[in-house]
Amino acid sequence: MSLSIQNDRTGRVRAPMTLLALAALGLGGAGAQDLAAYNSLAQNLDGAVTARASSAQAALARLDAAQSALDTLSPTLRNRQIVTGLKDALGSSRAALGRTPAELEAQVLLARGLMRKALYDQTLALLSSAPQNGAAQVRVLAREFGLTGDAAAALSSDARAGRLERTAWRLERAAVQKVSASLQAARPAQNTASYVNLARATGWFTVVQDSAGAGTLTVSQFGDALRQLTSGDTAALTTSLTTLRQGTAAFAAALATPPAATGSAPATSPAQTPATTPTPATPTPATPTPATPTPPATTPVTPAPATTAAAQGAAGVYAALGRALAAAGHADNTSARAALAEAGTALAGVPADLRNAAGFDALGSAIAGAQGRGALRPTDVQALIGGLANLENAAAGRPVSALDGSSVGVSRWFSGWLRVLVFALLAGLTVLPLYLLNLAFGGRNVYWRAIMGGLALLMLPLFLEGLFGLLGAFGDLFGAAPLRNLTNLTLSQGAYALPIWALLGAAAIGLTAFGFRGLCEQFGLLGSAKPSVQNTTQHTSIDWDEDV
């Protein structure tokens with residue numbers, strides 16, 4: 001299916017969309033996919049959508065990385081027509097960079113549907129012959145379909161036991177919930193939000209179109225709705241949306257009862273049934289207009305309260321940011337950036353109330369920026385977590401934290417190499433006051449030595465931050481793990497350093513207090529003895545090294 005969409009300044013879709021014949025995809029045999037390449041492709045496609053909001057060049061870089069990942073993944077995909085569809089989708093995504101972010105998002109949504117279709121089919125085919133070999137692919141499926149906690153554990157248990165019907169049922173139910181949520185968010189209006197939501201619903205239905213529960217619901221019906229939207233036929237679109245919603249509700253009802261816990265294959269085996277899926281094509285040039293796409297909420301078909309949907313949608317983002325924080329906390333920046341990419345993906349799929357809240361675009365841009373930032377530190381991720389909390393509060397109508405908001409803004413500019421170089425400069429300057437102190441007062445007096453030692457301890461955290469932060473940044477730049485791990489010796493890296501910082505502070509306070517008290521006693525400012533005028537005059541011309 002080829003999508004072509006143009007918008008005027010009002011945001012209405014003006015140019016028609018041409019529907020090509022929907023390709024029938026014959027599904028291949030069992031086999032394991034390259035999951036690392038799959039994950040990289042997914043992260044870079046989703047990251048391109050997030051990055052496009054702030055920079056077309058950054059989005060292009062993510063699409064280039066996605067192309068490399070697809071080149072690695074393609075040989076492990078059994079369905080060559082899906083490979084062709086994915087290559088076409090990447091080409092269409094590149095073409096969409098020059099137009100609205102919504103068009104890029106729509107092309108990526110269709111590509112992600114093809115990816116999930118291939119993973120779903122090959123995993124079930126693999127499980128039918130070797131359930132014990134599909135654990136890794138099942139974990140990726142659970143993440144892709146938004147299954148967490150008990151739901152993910154139940155899916156894994158059914159897959160290990162060879163209960164294919166229940167495995168397929170759990171995945172189909174999750175996909176249908178997303179189709180339903182996207183259709184509910186779509187409106188019979190010629191705008192980009194409806195366009196994106198229909199594309200999302202099409203992508204998710206592509207995955208489960210072979211299910212016996214789909215009934216009369218077909219991909220061509222989704223294609224008709226998209227054609228009606230782009231051509232401006234809102235009357236027909238209203239009818240199509242009603243039909244699609246009714247068909248999806250019937251699909252969900254067919255999945256309401258789990259199948260018997262047997263080891264048999266699904267009634268409609270995805271490895272045997274041809275699938276029909278849209279093939280994204282290159283859109284025609286269009287005038288960019290602001291769009292506010294509304295992604296589906298990861299909630300059940302039965303509507304839930306908005307606050308519950310927001311909490312469920314944000315949970316995936318929090319989980320990914322938590323993994324990024326843990327990785328950054330021990331200088332594993334590669335894993336931290338991968339987790340940030342997952343956070344960007346999860347953020348793109350949050351419910352409408354979160355997506356429409358003030359600060360959503362800024363948070364998405366901040367996450368995308370952190371992914372490409374050198375010398376990533378835990379404070380960078382902490383700021384993003386605070387920004388997500390503010391987004392939740394804004395969506396719920398609660399007050400937001402000005403401190404968290406400013407932290408997100410500050411982390412966007414005072415981070416990376418700027419932070420590294422500033423602290424490296426300050427670390428070098430810590431030697432200056434100590435040198436001048438020693439030059440002015442010498443080092444033979446015990447009290448001055450104590451004061452100098454106290455000042456050195458007070459500035460030691462700054463020195464460690466500058467020195468090891470710089471070495472760690474070079475390690476991150478050149479991929480040298482021993483150098484990168486030196487960041488862990490700074491006192492701002494994690495909670496383990498707080499007791500050390502406290503001990504250094506206590507020692508500094510003790511030494512400086514001892515030194516200044518000794519000087520005060522020698523000047524007669526402390527103790528019972530009062531200095532005479534003669535003594536005071538004498539003290540103005542004493543030798544600091546020997547007489548004080």
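Modeller: Ala375 lies in the loop between helix 14 (360-371) and helix 15 (378-396); helices (H or I, at least four residues) and strands (E, at least two) are DSSP runs, numbered from the N terminus. This is a predicted model, in which local features need pLDDT of at least 70 and side-chain atom pairs count only at pLDDT 80 or more, while totals for chains, interfaces and linings use all residues. Residues are numbered from 1 along each chain as its sequence is written, and side-chain values use heavy atoms, with hydrogens and water left out.

The backbone at Ala375 deserves attention: its phi is positive, about 55°, although Ala375 is not a glycine. With a relative accessible area of 9%, Ala375 is buried (buried means under 20% relative accessible area, exposed over 50%, and partly exposed in between, with a 1.4 Å probe and protein chains only).

A search of the whole structure finds five cavities of 30 Å³ or more. On a 1 Å grid over the protein atoms alone, a cavity is a set of points where a 1.4 Å probe fits but cannot get out, and its lining residues have an atom within 4 Å of a point. Grid points are joined across faces, edges and corners, and a volume is the space filled by probe spheres set on the points. The largest cavity holds about 80 Å³ of space. It is lined by 13 residues, of which Asn333, Ala375, Leu376, Arg377 and Thr487 are the closest to its centre.

Helix 19 (residues 446-478) contributes the most to this lining, namely four residues. Sorted by class, the lining of the largest cavity consists of five nonpolar, five polar and three charged residues; Ala, Val, Leu, Ile, Met, Phe, Trp, Tyr, Cys and Pro count as nonpolar, Asp, Glu, Lys and Arg as charged, and the others, Gly among them, as polar.

Ala331 is found in the loop between helix 11 (306-329) and helix 12 (333-348). Ala331 is not a glycine either, yet it has a positive phi of about 65°. Ala331 is buried, its relative accessible area being 3%.

Of its 548 residues, 48% are buried. Among contacts (heavy atoms within 4.5 Å) in the protein chain between residues at least 6 apart in sequence, 76% join residues at least 24 apart.

Conventions: On a 1 Å grid over the protein atoms alone, a cavity is a set of points where a 1.4 Å probe fits but cannot get out, and a pocket is an open set with protein on both sides within 12 Å along at least five of seven lines; lining residues have an atom within 4 Å of a point.
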